[in-house]
Amino acid sequence: KNMKYVPLPELQYFTSSCLDGAVIGDLILNGFIEAYTCKADRSEAKLYKEVRAKVEKKISNSPTIFTEKMASSPLGPINHTSTIQLLVHLIGTLNSSMPDYDFSELQACDFVHCNNIDLVANNINESFLNYALEAKLQGVRKKFWDILDSVIDLKKCSVYSFIPDDESEVFGEGKVWTMNYFFVNKSAKKIVLFMCSARRRISQMNMIENANDTAAEMSEDEMFECEIEAPLHYRKRTTIDLTQQSWVS
């Protein structure tokens, strides 16, 4: 039920440099930017059948009410094959990027279509690629958009965002802000998922202290189990040599 992760050094580098615990003023940033292919496989076909079966069941149970909902679906008319396929791709991307969770029960109403990409860019620029980060990493804003455009071709993208019922369950408690955007290029059959959140440094320090206290009380076997259960995307982001990269072209 997962999408195929595409390891791109430029995205891995940006994640490691700017999104994996970067300190900006009194905030600590955490997140990732990853690419996935939309090419169909057996797991996607299975998820597609499951989602379509749910849609058809809802239509048969209450056709009048469901027809009204279809017209307002953020992903399009949910009884259309293309809409169900898009929903499957978004769910599969979330399942791949956060393997500790299962998003298979999500519906079209759990997402929003970001019609204005300029508003998306402004939100990312103001919250993430702000002056504090630019002062620390000169040229980072231009680099981010250049990399993203080269990977996904922004002019051909539709942008969506996931709105969880319980944001703290997915992104953790105590966040100052969170954001997530799916940049979907249907013609290229590719999705780039950008997720980022910010936490106050003092809150993060308290978490680290608590974690250290817990680790001190754990046995070696328990520590080993924690290591092998680490989320997949954290492991795969540590495979690049940062000394070979530069912000300035």
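**How do you know? Questions on a predicted model**

Q: Which residues does N125 touch, not counting residues up to four places away in sequence?
A: N125 touches N130, R141 and W145. Contact means heavy atoms within 4.5 Å. This is a predicted model: local features need pLDDT of at least 70, side-chain atom pairs count only at pLDDT 80 or more, and totals for chains, interfaces and linings use all residues. Residues are numbered from 1 along each chain as its sequence is written, and side-chain values use heavy atoms, with hydrogens and water left out.

Q: Why is N125 called buried?
A: Its relative accessible area is 13%. Buried means under 20%, exposed means over 50%, and partly exposed lies in between (1.4 Å probe, protein chains only). So N125, at 13%, counts as buried. The residue sits in helix α5.

Q: How do you know whether N116 is buried, partly exposed or exposed?
A: N116 has a relative accessible area of 36%, so it is partly exposed. N116 lies in the loop between β4 and α5 (117–127). In sequence, N116 and S158 are 42 residues apart, yet their C-alpha atoms are 9.3 Å apart in space.

Q: What makes α7 (residues 140–152) a helix?
A: Helices are DSSP runs of H or I with at least four residues, strands are runs of E with at least two, and both are numbered from the N terminus. Helix α7 has 13 residues. From first C-alpha to last, α7 reaches 18 Å, close to the expected 18 Å. The expected span is 1.5 Å times one less than the number of residues. After α7 comes D153, whose phi is positive, near 60°.

Q: Which residues of α7 are buried, and what covers them?
A: V140, K143, F144, W145, I147, L148, V151 and I152 are buried. Their cover includes α1 (9–19), β3 (27–37), α5, α6 (131–136), β6 and β7 (190–200).

Q: What makes a set of residues a nonpolar core?
A: Its members are buried Ala, Val, Leu, Ile, Met, Phe, Trp, Tyr and Cys residues, joined through side-chain atoms within 4.5 Å. The largest such core has 36 residues. F14, I124, F128, F144, F183 and F194 touch the most other members. Helix α7 gives the most to this core, with seven residues. Apart from it lies another core of 31 residues, among them M3, V51, L86 and F182.

Q: Why is β5 (residues 158–162) called largely enclosed?
A: Four of its five residues are buried, so the rest of the structure largely encloses β5.

Q: How do you know that β5 pairs with β4 (residues 111–114)?
A: Two strands pair if DSSP finds at least two bridges between them. Four bridges join β4 to β5, so they pair, and they run antiparallel. H113 has Y160 as its bridge partner in β5. Three antiparallel bridges also join β5 to β6 (residues 175–185). There, Y160 stands opposite F182.

Q: What makes β3 largely enclosed?
A: Ten of its eleven residues are buried, so the rest of the structure largely encloses β3.

Q: How many bridges join β3 to β7?
A: Eleven bridges join them, and the strands run antiparallel. A35 stands opposite V192 in β7. Strand β2 (residues 20–24) is joined to β3 by four antiparallel bridges. In the hairpin of β2 and β3, two residues lie between the strands, and G25 takes a positive phi near 65°.
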